[in-house]
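Visitor: I would like to learn how to read the features of a structure like this one, taking each idea in general before turning to the case at hand. Could we go through it step by step?

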Amino acid sequence: MVPAAAAVAAASPAALPRSTSPRGRRPRARACSFRCAGPSARSSALVSSYKSGSAGHGHPRIRQLRGRPDCSRQAEVMGSTVDDDEACELVSGSDLVIGEGDDSVSAYLFKAVKNNNGTGILLLSDIFGFQDSATRDFAYRVACNGYNVLVPDLFRGNPWKLNVPFDGDSFERWRAGQAPGRVSGDIDACTRWLVDEFKAAGVSKKLGVIGFCYGGGRLVETLARDAESCFSAGVCFYGSRMDASLGDRVAAPVLFVCGDGDPLCPVETVRELEGRARGARAAVYAGRGHGFAHRPQSVEEDGDAEDAFNAMRGWLHDHLLA
C-alpha cells in the first residue's frame, strides 16, 4: 500500500491511552486579525487511492480502544533520543477558556512535554464534541508526536449525544441550533489564540489544522477564509457538508482522507476539492465508510486507521516541520 503523503520514520501505536492529565490555568485570547480570503486560481494534485476490506456506512458505533501505545521506535528530543514510550507518557492536558463572557469558548489543550516541537495543531471534532473519548484519544496520540493540540468545544456544551438515534428531524433541529456564524467565530478565536501562543511568540513558524466529519467541513471553510495564512497545512478526515466551491480559496495544502463507501462524504466532492485546492491530495480507502480512521470497528479498519494516521503524520511533518 503506497502512502498518500511522504513517509517519515515514526512509531505505529496500536491503541490509544486515556488522558488523565490535570486541569491547568485558563488563558485568555489576545487580538489577532482573521479576515476572509478572496478567490484565486489553484492547481490540481495527484490522486492517491487505497484498497482494503469491507464497507461501513453512517456513523459507526463507539468501540473503545484499549491499552497503551506500542511505542517501539524513538523520537528526537533536543538533539538526543528518547523512547516514544516515554514521550507518550509526557503529554500534559489543560482545560482552557478562550475569550471573554458570552463570546468565550471552552477547549482542551494536549501539550507534548518531552519531545515538544513547538508546533500548534487545531483539531475540529465530529458532532460528538471535544469531550468524546475517541476524539481525545486521537488528539492525545497526535500530541505524542511532539505537537500541541487544541480541541475546542464547537457546540458550546451541546454536542450530539452518542445514545441518541440518528432521526433526521431531530438531527436537523440540533444542527440548526449550531449557528454557522457562532461556530466560525469560535474557530477563529481559537485560531487567534494559537497564533498568539505559538507563532507570534516565536515558538513556531507554522500551525496545522485537523478535522473529522462535521469538523472536516468546518476545516475547509476555515482555510478558505484564512487570508493571513495562519495555517500551513490541513488534514481533513471524511468531512461532511463540504463546499467544494471553496477549494479555489484554500491556499494551505490539505490531505483529504475518506472511504469510497461513505454517503456523508461523497468521493466526488473530495475529488473536486483535490482539483481546486492548491497542493491538495486525496487518500480514498476502498470499502471504508464514515469514521473509520478515528472510530475503527474491525481489525480490517484498524489497519486502515493506522495507515491513515501515518499518512497524516507524514503530511504534517512535511508541511510543518521539514
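Visitor: Are Phe-212 and Phe-237 buried or exposed?

Guide: Burial is judged by relative accessible area with a 1.4 Å probe and protein chains only, where buried means under 20%, exposed over 50%, and partly exposed in between; by that rule both Phe-212 and Phe-237 are buried. Before we go on, note that this is a predicted model, in which local features need pLDDT of at least 70 and side-chain atom pairs count only at pLDDT 80 or more, while totals for chains, interfaces and linings use all residues. Residues are numbered from 1 along each chain as its sequence is written, and side-chain values use heavy atoms, with hydrogens and water left out.

Visitor: How many aromatic pairs are there, and which class does the pair of Phe-212 and Phe-237 belong to?

Guide: Rings of Phe, Tyr and Trp (its six-membered ring) pair if their centres lie within 6.5 Å, and planes under 30 degrees apart count as stacked, over 60 as edge-to-face and the rest as tilted. The count comes to 16 aromatic pairs, and the one formed by Phe-212 and Phe-237 is stacked, at 5.0 Å centre to centre with 20 degrees between the planes. Phe-212 is in strand 8 and Phe-237 in strand 9, 25 residues apart, and the pair thus links distant parts of the chain; here helices (H or I, at least four residues) and strands (E, at least two) are DSSP runs numbered from the N terminus. Ring pairs also join these two into a cluster with Phe-138, Tyr-238, Tyr-285, Phe-292 and Phe-309.

Visitor: Which residues touch the most other members of the largest nonpolar core?

Guide: In soluble globular proteins, nonpolar side chains tend to be buried together. A nonpolar core is defined as a set of buried Ala, Val, Leu, Ile, Met, Phe, Trp, Tyr and Cys residues joined through side-chain atoms within 4.5 Å. The largest one has 83 residues, of which Val-149, Leu-150, Ile-210 and Phe-237 touch the most other members, and helix 4 (residues 180–199) gives the most to this core, with 8 residues. Leaving aside residues up to four places away in sequence, the contacts of Leu-150 (heavy atoms within 4.5 Å) include Leu-96, Ile-121, Cys-190 and Trp-193.

Visitor: How many salt bridges does a search of the whole structure find, and where does Arg-156 take part?

Guide: Side chains of opposite charge can pair when their charged atoms come close. With a salt bridge taken as a side-chain nitrogen of Lys or Arg within 4 Å of a carboxyl oxygen of Asp or Glu, the search finds 13. In one of them the side chains of Arg-156 and Asp-186 meet at 2.8 Å, N to O; because Arg-156 lies in the loop between strand 7 (148–152) and helix 3 (168–176) and Asp-186 in helix 4, the pair ties together parts that are 30 residues apart in sequence. Arg-156 counts as partly exposed, at 34% relative accessibility, whereas Asp-186 is buried, with a relative accessible area of 3%.

Visitor: Which residue meets Asp-188 in a salt bridge?

Guide: The side chain of Asp-188 meets that of Arg-225 at 3.0 Å, N to O, and both Asp-188 and Arg-225 are buried. Elsewhere, Asp-126, Asp-132 and Arg-295 are linked in a network of salt bridges.
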